[in-house]
Amino acid sequence: MASSMLSLASASPSASLALQDDCKTKLKLGTTDLASFLRKEKRNPFMTAKSCGRITMVAVTASRFEGIIMAPPDPILGVSEAFKADTNEMKLNLGVGAYRTEELQPYVLNVVKKAENLMLERGENKEYLPIEGLAAFNKATADLLFGADNKVIQQQKVATIQGLSGTGSLRLAAALIERYFPGAKVLISSPTWGNHKNILNDARVPWSEYRYYDPQTVGLDFDGMISDIKEAPEGSFILLHGCAHNPTGIDPTLEQWEKIADVIQEKKHIPFFDVAYQGFASGSLDEDAASVRLFAARGMELIVAQSYSKNLGLYAERIGAINVVCSSVDAAARVKSQLKRLARPMYSNPPVHGARIVANVVGDPALFSEWKAEMEMMAGRIKGVRQKLFDSLSAKDRSGKDWSFILKQIGMFSFTGLNKAQSDNMTNKWHVYMTKDGRISLAGLSSAKCEYLADAIIDSFHNVK
């Protein structure tokens with residue numbers, strides 16, 4: 001709806017009255033008359049000034065962006081905002097997946113500080129990287145994922161380009177699928193990381209879900225998972241969490257991974273891995289890459305997105321990679337060329353700082369050993385609070401409920417089995433901030449607060465339905 005604003009400059013009484021009368025004949029302060037006036041005068045509909053002597057009239061219409069509605073707050077990042085506003089001293093932020101020390105403070109790895117000092121000593125510049133990113137990083141990240149002695153590495157069958165952490169790498173993969181596999185569907189686990197759906201939707205890639213979580217056992221619905229993958233249209237992409245499934249923390253066993261690979265191979269599906277926690281889940285880079293290497297060893301073509309947010313604590317550096325394992329060197333070269341083509345209009349080229357940190361750490365034997373030790377320390381702290389939470393729940397809960405599922409989960413997250421109402425009670429009554437699906441980040445929990453959290457979980461589980 002149009003509105004008007006009238007600004008009067010000082011003028012003599014007689015002149016002012018005459019000018020006002022003249023303007024009134026041309027403009028009435030009603031929306032219909034104003035719109036008519038603007039059309040006649042052929043003025044800019046956003047800002048129209050009509051000067052009558054020393055009287056200036058300005059008309060402003062509604063924004064062209066009026067049709068854009070307010071977006072809902074991010075369900076995870078919104079948790080942190082609510083946590084910050086809470087003044088209770090017992091409050092806990094178990095929503096965001098970021099590592100914290102026992103004192104619940106952010107942690108910058110010592111090895112990262114040393115790698116950054118090396119960069120300063122060398123006086124490295126800030127020139128643009130190539131579209132595919134830093135060559136030393138791309139080699140290091142592929143070697144870490146598959147193993148430097150892996151056949152796919154030795155035979156140059158992997159197309160790797162640096163991406164904007166895990167999210168950006170997944171988005172590039174989705175763009176590749178949309179452009180070169182039109183109509184192909186991506187199957188995602190139910191539940192999965194919330195951003196998977198956003199990424200696929202924005203890339204206009206159709207998706208559906210396969211069963212994964214069993215609420216009765218708070219474990220893996222393996223039979224349902226296999227059945228849904230079998231029923232998917234041949235040639236579908238199956239999005240798998242390489243380790244430390246987010247949000248459940250429930251991973252298949254190696255034997256189950258073999259069966260999953262059998263079905264995917266039989267149906268001519270394409271495995272699509274999201275590897276966000278290599279080394280951070282178990283404390284071992286090799287153990288956490290076992291699922292991906294199992295598929296590669298079968299000679300299967302696959303896509304793998306990587307992130308260094310968790311295992312090197314490079315959350316803000318946005319450093320990751322997209323890897324496509326192909327059946328030939330020629331295919332890998334062509335895929336890489338098209339990944340670069342997709343990346344160019346998206347972000348032109350990736351940032352250098354995080355890439356140099358990774359390359360420096362992996363390329364220096366002493367720093368690499370120190371990094372592995374720090375990963376073991378971080379993974380060990382999370383395992384420790386996981387164990388203490390289980391012990392506290394078992395000691396305090398007299399109902400006989402089996403809480404052992406917490407110990408069977410792995411990584412920084414635990415799926416508590418709490419529903420939305422129970423999760424709300426955790427926040428409203430106990431000041432424990434978490435996502436509404438019942439997921440908690442054990443990386444944000446200290447040993448000192450395990451008993452408090454156990455009290456909150458027991459109360460919410462038994463007293464809220």
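Helix H5 (residues 135–146) and helix H12 (residues 290–297) have axes that come within 8 Å and cross at roughly 85°. Axes here are lines fitted to C-alpha atoms, for helices over the stretch in contact, and angles run from 0 to 180 degrees between N-to-C directions. H5 and H12 are therefore roughly perpendicular to each other. Angles of 65 to 115 degrees count as roughly perpendicular, under 35 as roughly parallel, over 145 as roughly antiparallel, and the rest as oblique.

This is a predicted model: local features need pLDDT of at least 70, side-chain atom pairs count only at pLDDT 80 or more, and totals for chains, interfaces and linings use all residues. Residues are numbered from 1 along each chain as its sequence is written, and side-chain values use heavy atoms, with hydrogens and water left out.

**Helix pairs**

In H5, Asp143, Leu144, Leu145 and Phe146 meet Val292, Arg293 and Ala296 of H12. Contact means heavy atoms within 4.5 Å. Helices (H or I, at least four residues) and strands (E, at least two) are DSSP runs, numbered from the N terminus.

Helix H4 (residues 110–122) and helix H15 (residues 365–396) make another pair, with axes that come within 9 Å and cross at roughly 155°. H4 and H15 are therefore roughly antiparallel to each other. Asn110, Val111, Lys114 and Leu118 in H4 touch Leu367, Glu370, Trp371 and Glu374 in H15.

**Salt bridges**

The structure holds 17 salt bridges (a side-chain nitrogen of Lys or Arg within 4 Å of a carboxyl oxygen of Asp or Glu).

| Glutamate 81 | Lysine 84 | 3.9 Å |

Glutamate 451 lies in helix H18 (residues 450–463) and lysine 396 in helix H15, so the pair ties together parts that are 55 residues apart in sequence. Lysine 84 and glutamate 81 both lie in helix H3 (residues 77–85), 3 residues apart, about one turn of the helix. Lysine 84 counts as exposed, at 59% relative accessibility. Exposed means over 50% relative accessible area, buried under 20%, and partly exposed in between (1.4 Å probe, protein chains only).

**A buried valine**

Valine 324 lies in strand S13 (residues 319–325). At 8% relative accessibility, valine 324 is buried. Beyond its neighbours within four places in sequence, valine 324 contacts residues including Lys157, Val158, Leu302 and Val335. Isoleucine 161 is 163 residues from valine 324 in sequence, yet their C-alpha atoms are 9.2 Å apart in space.
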